[in-house]
Amino acid sequence: MIIMKFGGTSVGSAERIAATADIILSAKHPVVVVLSAMSGATNSLLALSEGKGSQDSIIERHTATAESLGLPKNICSKIHAIMDAASTPSEIVACGELLSTTIMHSYLCSKGADAAWVPALDFMSVGTDGEPDTKTIKRSAKTAIEKTGQHDIYITQGFICRDSSGAVSTLSRGGSDYTATLLGEALGAESVQIWTDVDGVYTADPRRVQTARRIPKMSYAQANTAARRGAKILHPDCIRPAERAAFPVQVLDSFHPETGGTIIGNFNDDKGFVAIASLESGNCSEVSIIGHGDAMDDIKQQLSPLNILNIVQNDGYVCAQVSTEEADKAMNLLHDAFINIK
């Protein structure tokens with residue numbers, strides 16, 4: 001079994017849903033598919049949960065998407081029922097994933113696929129500390145799959161869960177990645193694929209560092225550090241379940257599925273640096289260069305044109321604290337000096 005997670009841009013329109021369905025249909029079965037809400041839907045639902053925005057516009061977007069896909073008329077009543085059943089703020093926000101998976105499931109079935117819809121609220125849960133309850137998830141996920149019966153494709157939701165009291169809740173933003181790897185751990189998956197709108201993990205954010213390039217493979221430690229230090233391609237917690245269960249995570253491009261992507265697994269870390277990431281906090285940014293090497297003096301030298309507030313050597317990365325307005329320059333200086341030399 002493999003787990004395939006698709007982000008919001010991969011299901012952001014009728015066209016993208018159809019393209020994503022093609023990827024799912026061509027995959028090795030059985031497969032568990034974890035979907036995010038349609039791009040922008042969570043923001044609209046958050047506004048609605050705060051008494052702003054319009055429920056009608058959210059319903060209209062999803063019904064129009066379903067109609068564009070040629071789905072049966074009863075899909076509209078399902079969309080209305082999902083929205084009407086939500087009353088608490090968390091239930092309203094959770095509608096995004098419930099709607100996207102309902103549409104995808106219906107579309108796959110219209111194509112003749114053997115697909116089942118499995119509610120994540122039956123198995124995803126967090127404890128009193130707000131952290132995933134891995135024991136409950138493992139037991140409940142297996143039960144949910146077995147209860148559904150044998151199918152080629154199981155469609156479920158990312159991001160949403162239940163809290164320790166049983167109420168609907170959510171993981172942090174981007175939490176569909178985390179759902180996917182937690183499910184991979186719970187179900188003993190051979191791999192987890194995270195499908196997004198870029199062709200893998202890059203040496204830096206290409207919007208900020210033009211010379212950034214795709215990293216073909218990364219160790220669990222490198223990917224975990226990059227995610228925690230600000231690389232936005234991955235949820236900061238999603239590598240831990242993969243490392244515990246020792247399955248690879250592939251980051252792939254749903255817009256260009258033929259590209260190589262990045263594979264994250266049990267690889268040895270070579271000496272040297274592999275990526276640059278940045279965390280912003282107000283007027284200050286922590287720019288990190290990820291990897292191993294005795295290069296503190298060289299790093300200080302490269303950043304000498306800037307006003308360095310602090311610089312610290314950590315396990316697996318070096319972090320330089322600079323003003324936010326100088327963060328991009330710091331990223332480019334470090335990338336040119338330590339990443340582009342490879």
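**Helix packing and an open sheet in a predicted model**

α2 and α3 are roughly antiparallel to each other, as seen in this predicted model.

User: At what angle do α2 and helix α3 pack, and how many Å apart are their axes?

Analyst: Angles over 145 degrees count as roughly antiparallel, and α2 and α3 (residues 55-68) fall in that class. Their crossing is left-handed, and the contact is made by Ala41, Ser44, Leu45 and Leu48 of α2 with Gln55, Ile58, Arg61 and His62 of α3. The packing angle is about 155 degrees, and the axes are 10 Å apart.

User: Which hand does the crossing of α2 and α5 have, right or left?

Analyst: The axes of α2 (residues 41-49) and α5 (residues 89-110) come within 8 Å and cross at roughly 160 degrees, which makes α2 roughly antiparallel to α5. The crossing of α2 and α5 is right-handed.

User: How do the residues of the contact of α2 with α5 divide into nonpolar, polar and charged?

Analyst: On the α2 side the contact is made by Thr42, Leu45, Leu46, Leu48 and Ser49, and on the α5 side by Pro89, Ile92, Val93, Cys95, Gly96 and Glu97. Counting Gly among the polar residues, the contact divides into seven nonpolar, three polar and one charged.

User: Which strands stand at the edges of the open sheet of four strands?

Analyst: The strand order is β11-β12-β14-β13, with antiparallel pairing, and the twist averages 15 degrees from one strand to the next. Two of the strands each have a single partner, so one side of each is left without a neighbour in the sheet. These edge strands are β11 (272-281) and β13 (310-314).

User: Over how many bridges do β11 and strand β12 pair?

Analyst: The pairing of β11 with β12 (residues 284-292) is in the antiparallel sense, and within it Ser281 stands opposite Cys284 in β12. The number of bridges between β11 and β12 is nine.

User: Which helix lies across β11, β12 and β14?

Analyst: The helix in question spans residues 327-339 and runs at about 175 degrees to β11. The helix lying across these strands is α11.

User: How many of the nine residues of helix α8 are buried?

Analyst: Helix α8 (residues 220-228) is mostly covered, and what covers its buried residues includes β8 (217-219), α9 (239-245), β10 (262-265), β11, β12 and β14. The buried residues are Tyr220, Gln222, Ala223, Asn224, Thr225, Ala226 and Ala227, where buried stands for under 20% relative accessible area. The number buried in α8 is seven.

User: Which residue just after α8 takes a positive phi?

Analyst: The phi value there is about 120 degrees, at a position that follows helix α8 directly. The residue is Gly230.

Conventions
Residues numbered from 1 in each chain as written. Predicted model: local features only at pLDDT ≥ 70, side-chain atom pairs only at ≥ 80, totals over all residues. Heavy atoms only, no water. Axes fitted to C-alpha atoms, helices over the stretch in contact; angles between N-to-C directions. Parallel < 35°, antiparallel > 145°, perpendicular 65-115°, else oblique. Left-handed = near helix turned anticlockwise from the far one by under 90°. Contact = heavy atoms within 4.5 Å. Pairing = 2+ DSSP bridges. Buried < 20%, exposed > 50% of the residue type's maximum accessible area, 1.4 Å probe, protein only.
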